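Have a look at the picture first, and then we'll walk through a few of its features.

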Protein chains: 2
Amino acid sequence: MSTAPAPGPLPDEQGSRHGPPDGRAVGFLLSQLGLVVSRQFAEVIAATGLEPREFALLRAIAGAEGSTQNAMSDRLGIPASTLVAVVDHLEAGGFLERHTHPLDRRSRTLHVTEQGRATLASAMRLAMGYEQQLCGDLAPEERAVLLDLLDRLASRVGVTEGVHPGLTSGASDPSCGPLA
Amino acid sequence: MSTAPAPGPLPDEQGSRHGPPDGRAVGFLLSQLGLVVSRQFAEVIAATGLEPREFALLRAIAGAEGSTQNAMSDRLGIPASTLVAVVDHLEAGGFLERHTHPLDRRSRTLHVTEQGRATLASAMRLAMGYEQQLCGDLAPEERAVLLDLLDRLASRVGVTEGVHPGLTSGASDPSCGPLA
DNA sequence: TATTGTTATACTCTATAACTATA
DNA sequence: TATAGTTATAGAGTATAACAATA
């Protein structure tokens, strides 16, 4: 699947009245902003040694201590084979540990270490700081309005709450089909 | 550069008042929406045989007929070596032609064919249709408000109008630095 | 010697599918 | 026979640098 961006705003064609009345495109802006915000977010939390999806996984485990890799794979939409590498890296960094499941020795349960929790908290603070900075020009009511509008687009477009499509295996993703 | 997505919304930590008051994150929503919208847009215009960046290039050339590859490379922020493949594909599809520059035989000027123009117009209609569908739940004033808010975020975050960061070479991109 | 376009190389990312050890 | 995790392999995409033709 090509994850290539939308190519530009959509100026009116003279005469035809199909397009937006102002020649600007919500889709293009979202595509631009989404990419830039993702990159900047990655830069911001890089100070903690975490990549975004490692942060996401660590947070998910912290909220469901002792889950198996399989469970996490399902929950985050990350293919099992991909998850292995992420867990490897987090374990090598001392952020989490694998234990063998007491009842099923095929399974590994995942546990956040003390260092993992500290790092997670620190990454959380950085993330919230970035959110504040990103919205620094917006009055609180404006931010509320923006959140509402984005939420409506998100539900229209078929985005699952809290699950990022970038972590999901894209090819067989139905939400990625012709149109929602 | 990792273009990995932001990992999730940001629930309040009890006590500390650094985060958003509602536990939802504009950054995360933008990251989610941007990716999904990009994918859907690609699906929508795929009917024309164009990929998003081919669409972008074809549009740019149509608006600056006879430009050289170098000029286009600069303008869109696509590395010259990458542009070659895109132009190759567009030329093979009959959408544009390379001519040798009359004054400098190193340079190739780019020209949209008749078929290219027809296809471009068709892709444009599809794109505008997608924009309409995307914003179908929004009243016109709401859409105007959304555009205004997104524009303000975009300028704050350092997004160049009409230039998509996904086309730009990410590594050496200053707008991708620690923070804007 | 510098520049345009091209090609070659290397590197990252990811998905598919084989493989192991348990069940 | 089926499942959890792992490893291996192959493909897409892209950036870097070498290259040929021209200036």
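## Chain A at a glance

In chain A, residues 24 or more positions apart make up 52% of the contacts with a separation of 6 or more; a contact means heavy atoms within 4.5 Å. Buried residues account for 48% of this chain's 180 residues, where buried means under 20% relative accessible area (1.4 Å probe, protein chains only).

This is a predicted model, so local features need pLDDT of at least 70 and side-chain atom pairs pLDDT 80 or more, while totals for chains, interfaces and linings use all residues. Residues are numbered from 1 along each chain as its sequence is written, chains are lettered from A and ligands numbered from 1 in the order written, and side-chain values use heavy atoms, leaving out hydrogens and water.

## Helices and strands

Chain A has six helices and two strands, and along the sequence they run α-α-α-α-β-β-α-α. Both kinds are DSSP runs numbered from the N terminus: helices are H or I with at least four residues, strands E with at least two.

## Zooming in on B:Pro7

Now hop over to chain B, where B:Pro7 sits in the segment before α1 (26-45). Is B:Pro7 buried or exposed? B:Pro7 is buried, with a relative accessible area of 9%.

Leaving aside neighbours within four places in sequence, B:Pro7 is in contact with A:Phe41, A:Pro52, A:Phe55, A:Ala56, A:Gly162 and B:Phe28. As for B:Gly27, 20 residues from B:Pro7 along the chain, the two C-alpha atoms are 9.8 Å apart.

Note on methods
Buried means under 20% relative accessible area, exposed over 50%, partly exposed in between (1.4 Å probe, protein chains only).
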